[in-house]
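Me: I am new to this structure and would like a friendly tour. Could you show it to me and then take some questions?

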Amino acid sequence: MTFKKLFILALTLASTSYAALAEVHPKTINIGVANAGVGGRPNIGGYPLATVHARQVLENAFKDQGTEIKWTFLPTAGPGVNEGLSNNLYDVIWQGDLPNIIGKSAGLDTKFVIADGRAGHIQIVARPGIGINSVSDLRGKKVALFKGTCLQLSANRILADAGLTERDLRLINMDTASANAAIASGDIDALFTLAAVSLPLRDRGLGQIIYDGKNDNGKHGCGLGISVTRNFAEKYPESTQKLVTELLRDRLWSVNPANRDEQYRLWTRSGYSLKNYREDLDGVDLRHRFSPLLDDEFRTVYQKAIEDSTRYKLVRRSVDINSWFDESYLNKAFQELGLDPADWYKQ
Amino acid sequence: MFSNYLKVLPAALACGYASVAFSQPLSLEALNERLERLESHTATYDDVNGIQQSLESYKWEQQRQYELRTVQTSRPLQVYGAVQTRLYWSDTDTTSGSVYKRDSSSDVSFTLLGISGNLYRDYEEGRNLNFRLSYGASPQAGAPNLSVLDAILTYELLPTLDREKGRLNISLGQRVLPFGLEVSASEELKPVIRGAQFSTGLGLTQRQTGVYLSGDAFPFVDHGFAYRAPLLAWDIGIINGTGTNKTDDNGKKDLVGRLQFIAPVDNYTSLWRELKIGVSGYKGSNNLSGTNGVYGYGDFSRYGLDFSYNHNPIDLTIEYVKGKDERVTDSVNNTSQEFDTESTVVTLFFNKGQQFVRSFRGQAKYDDWWPKTYQPFIRWDNYKSESYNSNTQQKEQSTRTVSTLGFNYFFAQSSKVQLNLNHVNDDSKPANKRTSNEVLAQIQFGF
């Protein structure tokens with residue numbers, strides 16, 4: 001047998017073995033999103049993942065390999081994502097820090113692969129004319145809070161700054177839509193929420209913003225991120241990598257100042273107004289707000305969130321960030337796109 | 001608003017022109033171009049009037065639709081209902097009463113139409129006054145004609161806004177008996193087309209009128225999964241015991257109660273989640289009638305022990321019920337005897353799908369979306385009862401066992417197709433008719 005024949009045989013064997021080892025692509029990737037648009041519409045705004053969805057980034061990227069992307073937007077937010085995840089309904093989840101930590105603490109086996117937002121602006125809206133002008137005025141008042149979402153952790157921190165705890169308020173557990181209606185009808189005195197909800201209430205004269213996270217650079221804001229179930233990541237390593245790479249590729253579009261206005265317009269599909277997105281985010285450094293990095297800053301945000309969740313008795317067991325956060329996919333994504341994570345803030 | 005803009009516009013243009021003129025002179029052509037560009041992006045009086053007219057037309061249309069085409073109520077209402085249509089076939093025909101050699105049938109086995117809502121909503125603490133009213137027809141319950149099923153007012157005695165506190169409510173009216181799993185459990189724990197034999201055999205499916213006290217205590221709430229599970233849940237009722245929509249027929253009241261223990265868990269993902277053990281009791285009196293009319297009371301009792309593990313995707317329910325009834329055996333001499341009943345029902349089922357994941361069911365969607373679920377199951381239903389043989393003047397015991405292999409397909413949020421294969425072994429029947437096989441197919445749709 002000549003060397004050439006041997007070489008061809010070896011090449012054939014190698015390619016056959018590689019094909020045998022290569023991933024059989026998933027038929028679908030089920031994505032659970034802890035948010036929904038106005039009136040329960042399946043569109044969201046205000047986050048990079050909203051842009052990914054609106055631009056059909058994943059649908060286009062996975063079309064060639066025949067993988068369908070199934071989005072599930074949940075008005076029940078983080079608690080709804082956790083319920084679905086524990087019933088094996090999602091491969092990929094997007095949610096805020098507290099429900100993420102609760103899920104992980106309860107044993108949901110996920111890998112945290114990319115950050116999707118930090119230092120968001122939490123706001124407190126109070127009914128006008130009832131004497132609530134600051135956080136400390138909330139003592140004894142009927143206040144709506146969507147428990148189990150990242151708002152609960154932020155609320156606890158904001159209250160602690162004012163020397164209050166949940167017990168000092170008459171807290172009512174309400175989802176976003178219910179709280180919105182309840183403050184309009186005067187059934188609650190105030191609510192913890194996000195700018196997309198609070199600004200329209202203010203504009204309609206139904207509420208006044210007594211606390212705005214924008215004023216303290218979102219120090220109590222949620223840390224949002226995307227996780228993949230360990231089962232999915234191990235069964236479909238190539239697809240997991242492709243997912244993270246595509247998320248990063250779109251993130252570059254998302255943080256580009258030239259696309260800011262177009263991005264706001266995409267987000268209005270959620271039913272929230274362009275004007276409010278502008279007011280909330282104009283002037284905000286999107287490279288920082290929407291940084292994908294699982295860097296020291298983001299890890300500190302999560303470590304503090306874990307400590308606070310334990311301190312406020314929102315979780316029973318602590319979570320180890322080092323075994324949860326998996327930067328390998330993001331690092332490879334940077335490499336595939338010819339970028340260096342260290343340069344993220346330099347551009 | 002826009003008129004103000006229009007008033008300001010010339011001034012702004014003038015200022016703009018002035019500042020531009022001082023900094024960099026522009027040609028008249030360039031200024032005209034700017035003005036044209038500005039005008040193409042500015043709303044005119046006509047534009048504003050157009051929007052105003054459209055808005056007025058919309059408001060008028062909405063008002064008209066509301067007055068003419070919208071059902072109105074004095075209180076917030078929820079309308080609900082269900083219909084079951086069934087096909088039945090057996091390899092053994094039945095002859096009894098007016099029935100001759102029946103081996104198959106198609107039935108509307110159950111219909112329900114109801115409304116529920118609140119008469120008073122307490123925004124402060126959630127001590128609401130709620131009502132529920134429903135009508136239905138169910139040949140199974142011996143009431144083929146439309147009758148009142150639920151007609152009940154419920155007042156929350158304790159605040160309900162805080163999910164971390166226990167609940168207590170009082171109800172007055174007619175409702176399902178709080179007894180065991182088969183009678184009072186929700187759809188999630190009842191995959192079989194026909195109810196367990198004891199539920200009809202012991203008269204437990206009949207709604208009863210009276211006063212009920214229900215509550216739970218020591219709840220565990222996992223906000224991270226929107227899950228609430230009390231450690232104890234209980235119901236007590238003082239009732240007529242005469243059945244659906246009937247005035248009491250004697251001076252004695254019946255007492256029914258149920259206590260359920262729910263395994264404590266430290267989070268939603270715990271393997272012990274939704275593991276429950278319950279005990280139930282129902283004690284009362286029926287009138288005894290002889291040929292000369294009613295002559296006294298006969299006591300009866302039912303006691304039950306149940307276990308359920310409703311942990312998606314696996315569900316297991318086990319229920320044991322024991323009953324004792326005093327019945328007339330000689331209507332001429334007004335004598336009676338006690339008759340015993342004993343039953344055990346075991347059901348194991350498996351869910352593949354999203355029907356019972358609440359958050360998934362309530363997801364944001366534009367279209368009319370149906371979560372699909374496939375639910376195979378098996379059931380073993382053993383029912384031992386005593387009857388009186390007037391020829392031998394002796395009590396006789398018989399055992400009827402129904403083994404069911406079934407499959408449910410949930411194709412919409414509240415609708416399902418069901419298929420049951422029953423193997424029946426009834427030792428009260430003649431030897432050649434002791435065993436029989438049945439096929440039941442049913443579509444249940446609800447809203």
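**How two helices cross**

Reply: Helix α6 (residues 150–161) of chain A packs with helix α14 (residues 296–311) of chain A at an angle of about 75°, their axes 10 Å apart. Axes are lines fitted to C-alpha atoms, for helices over the stretch in contact, and angles run from 0 to 180 degrees between N-to-C directions. This is a predicted model, where local features need pLDDT of at least 70, side-chain atom pairs count only at pLDDT 80 or more, and totals for chains, interfaces and linings use all residues. Residues are numbered from 1 along each chain as its sequence is written, while chains are lettered from A and ligands numbered from 1 in the order in which they are written.

Me: Is α6(A) roughly parallel or roughly perpendicular to α14(A)?
Reply: Angles under 35 degrees count as roughly parallel, over 145 as roughly antiparallel, 65 to 115 as roughly perpendicular and the rest as oblique. The angle here is about 75°. That makes the pair roughly perpendicular.

Me: Which residues of α14(A) does α6(A) meet?
Reply: Contact is judged by C-beta atoms, placed from the backbone, that lie within 7 Å. From α6(A) come Leu153(A), Asn156(A) and Arg157(A). Their partners in α14(A) are Ala305(A), Asp308(A) and Ser309(A).

Me: Which residues of helix α11 (residues 260–267) of chain A are buried?
Reply: A residue is buried if 20 or more other C-beta atoms lie within 10 Å of its own, exposed if 12 or fewer, and partly exposed in between. Helices (H or I, at least four residues) and strands (E, at least two) are DSSP runs, numbered from the N terminus. In α11(A), the buried residues are Gln263(A), Tyr264(A) and Trp267(A).

Me: What do the buried residues of α11(A) pack against?
Reply: Seen down the axis of α11(A), they fall within an arc of 105°, so they line one face of the helix. The arc is that of the directions from the helix axis to the C-beta atoms. In chain A, that packing is against α2 (48–54), α10 (237–254) and α12 (274–281).

Me: Is Leu194(A) buried or exposed?
Reply: Leu194(A) sits in strand β8 (residues 190–194) of chain A. Its C-alpha atom is separated by 6.5 Å from that of His121(A), 73 residues apart along the chain. Because Leu194(A) has 22 C-beta neighbours inside 10 Å, it counts as buried.

Me: How many residues of α5(A) are buried?
Reply: Helix α5 spans residues 97–105 of chain A and is mostly covered. Among its buried residues are Asp97(A), Pro99(A) and Lys104(A). The count of buried residues is nine of nine.

Definitions and conventions: Two residues are in contact if their C-beta atoms, placed from the backbone, lie within 7 Å.
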